[in-house]
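Thanks for coming, everyone. Please take a look at the structure while I walk you through the packing.

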Amino acid sequence: MISLIALKKNPAVFQSFTGLTLLAFYKLLTSFEQAYENDLLDREQGRTTPRQRERGGGRTGAFKRLEDKLVFILFYFKFYPVQEVQGFFFGMGQSQAWEWIHRLTPILNRALGYEKQLPARKTRDIQQILESCLGLEFIIDGTERPIRRPKDKERRKKYYSGKKKRHTLKNNVVTDKRTRKVKGLSQTCEGKKHDKKLADEQGLCFPKGSTVWKDTGFQGYEPDDVTTYQPKKKPKGKELTPEEKEQNRLISSERIGVEHSIGGIKVFAIVREIYRNMTTGFEDLIMETACGLHNLRLDYPLSA
């Protein structure tokens, strides 16, 4: 059975299993403990019948220590194994693994919120967060992640993206160019939705005087009082001039930061591999949580 006691003996292996350094893990563990206790309180308040025994009574649980629960959910995010395999690694069956995955994911999300690592989601919150960023330089981009081919014909049509003949989900991410942290995250939608349309629907606003780097997917997206930079598309039947090509190269070299950020998010296979979970709303929760884990990793970089 995988446990913290076994993993922490080798920091490099620990990083590979969880995506975090030991320092980042223990920093998160404090908030995870608080979030777990708050979840227990919420469950107590939601009970409709009196408790028959004291908390902790009954048979021995699957985890002896809280830190092993955090290792469990981080391992799931990092590798996204099927639940039978997840259960095998942690000494439990598939159904028990399913229960712990769906119980611990919101707790992990709440813990990252306590650490102030989650991206803002609402328009007003995003604007307030962006106003506090030094330099006021941001990068906006859309990112897709694959899902299983829906059985329902209407859902197949809705989620078919046309890219590599896949069905996908999409989010727009706004990153701070200086720190590469994800500061804003749109709601999750079907992958075929245009990046600009998603930004318009979100009503995203940037602070006055900001500089925003974007790609051609945001053609025509020009927020008020904001300087934007976007590569120029090649005219139909024509070629770009050498000056235009050089300008595009310079813009792309500035925008590469958002690709690094998206790559940092997708270190966690749960938002990189084909998404399998069927719980409503879970697809949005895991993307937000993965962004929070990416932001935490930037504060506690992986050692060489």
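Let's start with G263, which sits in helix α10. Helices here are DSSP runs of H or I with at least four residues, strands are runs of E with at least two, and both are numbered from the N terminus. This is a predicted model: local features need pLDDT of at least 70, side-chain atom pairs count only at pLDDT 80 or more, and totals for chains, interfaces and linings use all residues. Residues are numbered from 1 along each chain as its sequence is written, and side-chain values use heavy atoms, with hydrogens and water left out.

Back to G263. Its relative accessibility is 39%, so G263 counts as partly exposed. The cut-offs: buried is under 20% relative accessible area, exposed is over 50%, and partly exposed is in between, with a 1.4 Å probe and protein chains only. G263 and H294 are 31 residues apart along the chain, and their C-alpha atoms are separated by 9.3 Å.

Next, Q94. This residue lies in helix α6. Q94 is partly exposed, at 32% relative accessibility. Leaving aside neighbours within four places in sequence, Q94 is in contact (heavy atoms within 4.5 Å) with Q83 and E84. From Q94 to E84 is ten residues in sequence and 4.6 Å in space, C-alpha to C-alpha.

Now I147. Buried or exposed? I147 is buried, with a relative accessible area of 11%. Its place is in strand β1, residues 137-147. Setting aside neighbours within four places in sequence, I147 contacts Y159, H167, T168, L169, I274 and Y275. F88 is 59 residues from I147 along the chain, and 24 Å separates their C-alpha atoms.

On to the helices. Two packed helices are described by the angle between their axes and the distance between the axes. Axes are lines fitted to C-alpha atoms, for helices over the stretch in contact, and angles run from 0 to 180 degrees between N-to-C directions.

First pair: α4 and α6. They pack at an angle of about 95°, with their axes 10 Å apart. That makes α4 roughly perpendicular to α6. For reference, under 35 degrees is roughly parallel, over 145 roughly antiparallel, 65 to 115 roughly perpendicular, and the rest oblique. On the α4 side, the contact includes L70, F72 and F77; on the α6 side, it includes W100, L104 and L108.

Which brings us to the cores. A nonpolar core is a set of buried Ala, Val, Leu, Ile, Met, Phe, Trp, Tyr and Cys residues joined through side-chain atoms within 4.5 Å. The largest has 56 residues, and L28, L70, F72, F77 and L108 touch the most other members. Elements giving two or more residues to this core include α3 (22-45), α4 (66-79), α6 (94-114) and α11 (282-299). Which element gives the largest share? That is α4, with nine residues.

Look at L108. Not counting residues up to four places away in sequence, L108 touches L28, F32, L70, I73, L74, F77, T289 and L293. There is also a second, separate core of 14 residues, including C133, F138, F206 and V226.
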